[in-house]
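Morning, everyone. Please have a look at the model on the screen, and then I'll take you through it.

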Amino acid sequence: MAHPERVAAIISQNGNAYEEGLGDAWGPIRKYWAMPTPENREIIRQNVLTLEGTRWQYTHGVAIPESIGPESYTLDTALMERPGNKEIQLDLFLDYASNVKLYPKFQEYLRRSKPPLLAIWGKNDPFFVPAGAEAFRKDLPKAQVQFLDTGHFATETHVLEIAAAMREFLETNGISPRAKQTAGGARLNALFSSAPSE
């Protein structure tokens with residue numbers, strides 16, 4: 001927001017900037033925001049920061065949950081189990097309320113700067129629901145919104161579709177994925193170098 005001239009475009013993969021995009025899965029966290037008691041913190045620790053809670057985040061809304069590689073949620077869980085990491089995650093959950101307070105400023109930036117925007121979301125995401133993707137059009141009527149039949153971590157199941165949509169979006173908006181270093185310091189080169197060819 002401080003340097004809008006450095007932003008060529010925005011691609012949002014289940015990244016929210018609108019209150020209406022916050023799904024019911026935020027219920028316990030919203031309660032924690034309102035009352036950051038040790039008891040509410042412990043509820044999140046016991047129900048979210050577990051192998052089962054992490055697996056659910058990866059597999060909820062996915063047509064074939066078994067298609068999600070177990071290494072994704074298993075590695076996340078192993079990293080979460082390192083000393084102090086759950087406390088850090090609980091602090092981040094609490095701090096996300098400050099992000100929600102910034103939503104109006106994000107929206108003002110979108111209205112003022114009008115960057116090309118692609119919102120490509122898993123339509124079954126319990127955290128950032130489709131209304132959040134559609135809401136981008138309130139501030140950017142030309143925003144492209146696409147939904148995929150998957151959950152929150154859409155790249156786990158639809159990486160090829162997302163890469164193709166990104167490529168088309170950038171090309172349509174005259175943004176080369178092989179761009180050189182820009183004056184603002186942003187790099188776009190090799191953006192798709194690891195994407196499998198069709």
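Over which residues does pLDDT stay under 50, and how many contacts beyond four places in sequence does the model have for them? The stretch is residues 183-198, with 26 such contacts. pLDDT is the predictor's confidence in each residue, from 0 to 100. Contact means heavy atoms within 4.5 Å. Across the chain, the mean pLDDT is 90, and 89% of residues reach 70 or more.

Ground rules, quickly. This is a predicted model, where local features need pLDDT of at least 70, side-chain atom pairs count only at pLDDT 80 or more, and totals for chains, interfaces and linings use all residues. Numbering runs from 1 along each chain as its sequence is written, and side-chain values use heavy atoms, with hydrogens and water left out.

Now the helices. They are DSSP runs (H or I, at least four residues), numbered from the N terminus. Helix H1, residues 27-34, packs against H5 at an angle of about 80°, with the axes 9 Å apart. So H1 is roughly perpendicular to H5, a label for angles of 65 to 115 degrees. Axes here are lines fitted to C-alpha atoms over the stretch in contact, and angles run from 0 to 180 degrees between N-to-C directions. H1 brings Ile29, Tyr32 and Trp33 to the contact. From H5 come Leu90, Phe93, Leu94, Tyr96, Ala97 and Val100. By class, that is nine nonpolar, no polar and no charged. Nonpolar covers Ala, Val, Leu, Ile, Met, Phe, Trp, Tyr, Cys and Pro; charged is Asp, Glu, Lys and Arg; the others, Gly among them, are polar.

Stay on H5. Lys86 sits in this helix. Lys86 and Arg45 are 41 residues apart in sequence, yet 7.3 Å apart in space, C-alpha to C-alpha. Beyond its neighbours within four places in sequence, Lys86 contacts Arg45, Leu49, Met80 and Glu81.

Last, the largest pocket. A pocket is an open set of points on a 1 Å grid over the protein atoms alone, where a 1.4 Å probe fits, with protein on both sides within 12 Å along at least five of seven lines; lining residues have an atom within 4 Å of a point. Seventeen residues, or 17, line the largest one, and Gln57, Gln89, Phe93, His152 and Phe153 lie nearest its centre. H5 gives the most to that lining, four residues.

How values were computed:
Helix = DSSP H or I, 4+ residues; strand = E, 2+ residues; numbered from the N terminus. Parallel < 35°, antiparallel > 145°, perpendicular 65-115°, else oblique.
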